[in-house]
Amino acid sequence: MSTAKETIGIGMVGHAFMGAVHSHAWRSVHRFFTPPLIPRLAVLGGRDEVRAKAAAERFGWEDVETDWRALIARDDVDLVDICTPGDSHAEIAIAALEAGKHVLCEKPLANTLAEAEAMAEAAAKARANGVRSMVAFNYRRVPALAHARKLVASGALGEIRHVRTVYLQDWLSDAQAPMTWRLHKDKAGSGALGDLGAHIVDAAQFVTGDTITGVSALTNTFVKERPDGDGGTGQVTVDDTALFLGRFSGGAVASFEATRFALGRKNAMRLEVNGSKASLAFDFESMNELSFFDGGQPATEAGFRRILVTEPEHPYVGVWWPPGHLLGYEHTFTNEVADLLTAIGDGKDPEPSFEDGLRVQQVLDAVERSASDEARWTTVPGVTAKGSN
């Protein structure tokens, strides 16, 4: 009896930072997990043929296309992986879905709320024909954060009261750091808000299982001009930092901060949840750990304890290394595509869906509206908060 599995042809658009980690994930997923579909790295898309061919050779792709439309049209492409700047997400994703191709799209889902709404609508129509889509919030696949979600869902923390989360980087702290596409609103949509804030909004909603219903926000741009690489300067048209308060549908209150100006913080994505029974805390710079405080312990013995999330019973860990052998950033993407391939093979909808991505975009949009209106409380469409006043 044959045990051969069906293959699925992957066409990836974009080959820079995200393209590299996605390529690694597609190459390695079936060597650790046992998904029902085996990915074939069919074609890599990039506008510059020379650079695209070099990336394809380096990352293990079979062929190259310089036009993403041609990539989507190929018969050997069953799934389109979008690793481009946000200004092209909507056009590529909608075209792929309408062509009957599954889609994996990097976060944030889109640059604008209108684009995200159109993408979610296209995903819903495609779903009726068995075409699947997922937005790539990879931090959901950090075993420690996935375990945190399980702890909250189990009731171990009791009633959730406070959520506080930050995403701190420092790569733009130097005012002479050059312009990049991430500093142009027409390319990136927003600055730290979309780049980093999208992650912590999704992580907070993922871990708590609740939805953010309203925000009060501030944004700021510290450095408004930067060297453009041609001897001149370019205008920074996005935020450098975003801070906002929020309320969850379950009644909890929350604080969020995203910045690329926190000297000494390289990738400090942190989340803390305080409940009526217990608290937990996570920091991506120690991504294999959770801190947990049991409020039922006597004061003489109480304190945060360290949970090393490397046991085979922890989410995703069982396919990797023995206990105590740590996972890294790249493993989150492999975990991600394993879940996607399993969902497609089983005929189920993967998570986070484009609708989940839209919910994050609704929060980001509310943050921008609040910040432009002197931090006025701004509701997020769809849900009313428990205990709001």
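**Entry 1: ground rules**

I am working with a predicted model, in which local features need pLDDT of at least 70, side-chain atom pairs count only at pLDDT 80 or more, and totals for chains, interfaces and linings use all residues. Residues are numbered from 1 along each chain as its sequence is written, and side-chain values use heavy atoms, with hydrogens and water left out.

**Entry 2: domains and record annotations**

I looked up the division of the chain first, and found domain 1 (7–138) and domain 2 (141–379), with bounds that come from an automatic or database domain assignment. Their C-alpha centres lie 23 Å apart, and the contact between them (heavy atoms within 4.5 Å) takes 48 residues from domain 1 and 48 residues from domain 2.

I then turned to UniProt, whose positions are given in the numbering used here, with shortened feature names and annotations that may be inferred rather than shown by experiment. An unreviewed UniProt entry places "domain: Gfo/Idh/MocA-like oxidoreductase N-terminal" at residues 9–127, a span that is 49% helix and 22% strand, with its end C-alpha atoms 19 Å apart. The UniProt annotation "domain: GFO/IDH/MocA-like oxidoreductase", also from an unreviewed entry, covers residues 146–280, where I noted 21% helix, 37% strand and end C-alpha atoms 12 Å apart. Helices (H or I, at least four residues) and strands (E, at least two) are DSSP runs, numbered from the N terminus.

**Entry 3: the largest pocket**

For the search, a 1 Å grid is laid over the protein atoms alone; a pocket is an open set of points with protein on both sides within 12 Å along at least five of seven lines, a cavity is a set of points where a 1.4 Å probe fits but cannot get out, and lining residues have an atom within 4 Å of a point.

The largest pocket holds about 1,200 Å³ of space, a volume being the space filled by probe spheres set on the points, with grid points joined across faces, edges and corners. I found 47 residues in its lining, and Ala16, Cys83, Thr84, Pro85 and Trp181 lie nearest its centre. The elements that give two or more residues to this lining are α1 (17–32), α3 (68–73), α4, α7 (185–188), α8 (192–208) and α9 (329–346), and the largest share, four residues, comes from α8. By class I noted 17 nonpolar, 17 polar and 13 charged residues, where Ala, Val, Leu, Ile, Met, Phe, Trp, Tyr, Cys and Pro count as nonpolar, Asp, Glu, Lys and Arg as charged, and the others, Gly among them, as polar.

**Entry 4**

The largest cavity has about 40 Å³ of space and is lined by Phe137, Tyr139, Arg140, Leu145, His199, Asp202, Ala203 and Phe206. Four of these lining residues come from α8, which gives the most.

**Entry 5: helices and a buried serine**

Which residues of helix α4 (residues 89–98) are buried? I listed His89, Ala90, Ile92, Ala93, Ala96 and Leu97, buried meaning under 20% relative accessible area, exposed over 50%, and partly exposed in between (1.4 Å probe, protein chains only). After α4 comes Gly100, with a positive phi near 85 degrees.

Helix α6 (residues 143–153) is mostly covered, with eight of its eleven residues buried, among them Pro143, Leu145, His147 and Val152. The cover over these buried residues includes β7 (160–168), α8, β13 (268–275), β14 (278–283), β15 (289–294) and α9. Just after α6, Gly155 takes a positive phi of about 90 degrees.

Last, I looked up Ser23, which sits in helix α1 and is buried, with a relative accessible area of 0%. Leaving out residues up to four places away in sequence, Ser23 touches Met12, Leu41, Phe59 and Trp61.
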